[in-house]
Amino acid sequence: MLAEWYVRQMLELSWDGFCEHTTQGWNVGVPPYGYVGEKVPHPVPAKREEGLAKTRLVPEPLRAAAVNRIFVLRVTERLSYQAIAERLNEDLDRHPPKRSLRPDLQRDTWSASAVREVLGNPKYTGYMVWNRRASKTGNGRINSPRDWVWSPVPTHEPLVTLDLFKAAKELVSERERSRSAPGANHAHPQTKRSYLLRSYVVCAQCERRMFGKTRKSHSYFACQPSANHGKEAAVRFPAHPASVWVREDALLDGILGFFAERVLGPDRISYLATEFDDTERDRDKALARQVESLRRAVSDLDRKRRRLVQRLEDIDDPDGSLLRSVRDRHRELTLERDERLATLATITDALSACSGGAEHLLGRLVRADAQVLRDAPEPILRALFDAFRLRVSYDARTREALCRVVLSDDTLPGVQGALQAALAPESVPAGRSCPDAPAGGYTGDQRQADGNRRFPSAWRPRQDSNLRPAA
């Protein structure tokens, strides 16, 4: 029993040591692609005399730029890992591949797995993160993000913003099983044609992506829970109809109207201003109260730290036990203070982004009407939807669709490029279009409503200008 207790104690001390190591910003293991390890003399004198050192992350300019490009391509163009790798391989001088520790395994090109590894590493945000992988058990599998140990504040120069990293992370679930690679549209017998709104439309009742169907030369988007959940569909989604169908051209008309009026129209700023209703103002007030509470907590922690130092000056400590206790308590207070300051900085940034940031971003977009967008080729229109991160939630109960787009400082360049291509399609470089689009795009017959009884012309899309910077 005593031996087991010592083992458990050593494991806990080792864990605490790694957590403190991470908090101070020291890197463990091989520096990630885009960084180099800068050796710093060990802070402990005895270990420093032995020649030991610790490592901090310093950006490597050329590879750091490649990392940023990977995240931008992922978020703005919503490319797959393989598609990003192919883009990088077009210019290996600007995007050199990762160096392997084993020369026999060195690759001279980018692969999908190398891109995935970059997109999944949170160290690029400037925070030091430890315990991402189960190195001792599980064959190096990725641990749950709940088990990751983050430094309370950034400890090295970031290569991407935290918002950009989160946006790329969110695309993992959105793009799951979505076809985007060249030739992917011809592999499966059910993918004989493409759908303009593929991967953008989700069912409001089950939150699953709706799939395309063609019936009598007309395109629909459908949701059938039984196809995914079998007999459990009725239990998991009791209010969900057995089958939900909606015409693609009806959705497209509503989406293009939403863009022409709320996103690219002359009155877009005034429309956006009306969206800041009482609910949003109450949220801002709650954030302001939280900021004030955090500031008071930081001031209180500062007072506690000063009192600890004052008490130590007035008390004798012959054996040094009091000094050790005070040092431990001072470290706890400092960590808590740093965590509060990091939370405070995040909330302050959110408040500043909500106050006028959306109007500023929206005002930098060019104007375009629905007819201009309707005349754009399908590949260019899909590139525009990808740049805006379009999401359409269709509710069969109300026959309404909620359109959501995202516009932020990180995605603005990609959005402006997609808009330029939509207004001047002939200026798009070769090889940058959707590879699985049907020749000639959609015909007028495919977009024309037929007055089907199941889908009356009174169906109206609900418009929502959710254009705030990505959280």
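Two strands pair if DSSP finds at least two bridges between them, and strands (E, at least two residues) and helices (H or I, at least four) are DSSP runs numbered from the N terminus. In the hairpin of E9 and E10, four residues lie between the strands, and Arg399 takes a positive phi near 55°. This is a predicted model, in which local features need pLDDT of at least 70 and side-chain atom pairs count only at pLDDT 80 or more, while totals for chains, interfaces and linings use all residues. Residues are numbered from 1 along each chain as its sequence is written, and side-chain values use heavy atoms, with hydrogens and water left out.

- Strand E9 (residues 391-395) runs antiparallel to E10, and five bridges join the two.
- Asp395 stands opposite Glu400 in E10.
- Buried means under 20% relative accessible area, exposed over 50%, and partly exposed in between (1.4 Å probe, protein chains only).

- Three strands form an open sheet in the order E6-E7-E8, with antiparallel pairing.
- E6 (211-215) and E8 (244-247) are the edge strands; each has a single partner strand, so one side of each lacks a neighbour in the sheet.
- From one strand to the next, the twist averages 35°.
- Four bridges pair E7 (residues 218-223) with E8 in the antiparallel sense, and Val244 in E8 is the bridge partner of Cys223.
- Helix H9 (residues 248-263) lies across E7 and E8, at about 60° to E8. Axes are lines fitted to C-alpha atoms, for helices over the stretch in contact, and angles run from 0 to 180 degrees between N-to-C directions.

**Nonpolar cores**
- The largest nonpolar core has 43 residues, of which Leu197, Met210, Phe259, Leu365, Phe385 and Phe388 touch the most other members. Such a core is a set of buried Ala, Val, Leu, Ile, Met, Phe, Trp, Tyr and Cys residues joined through side-chain atoms within 4.5 Å.
- H9 gives the most to this core, with seven residues.
- Not counting residues up to four places away in sequence, Phe385 touches (heavy atoms within 4.5 Å) Leu197, Tyr200, Leu252, Ile255, Leu256, Phe259 and Leu390.
- Another core, of 28 residues, lies apart from it and includes Leu73, Ala85, Ala114 and Val160.
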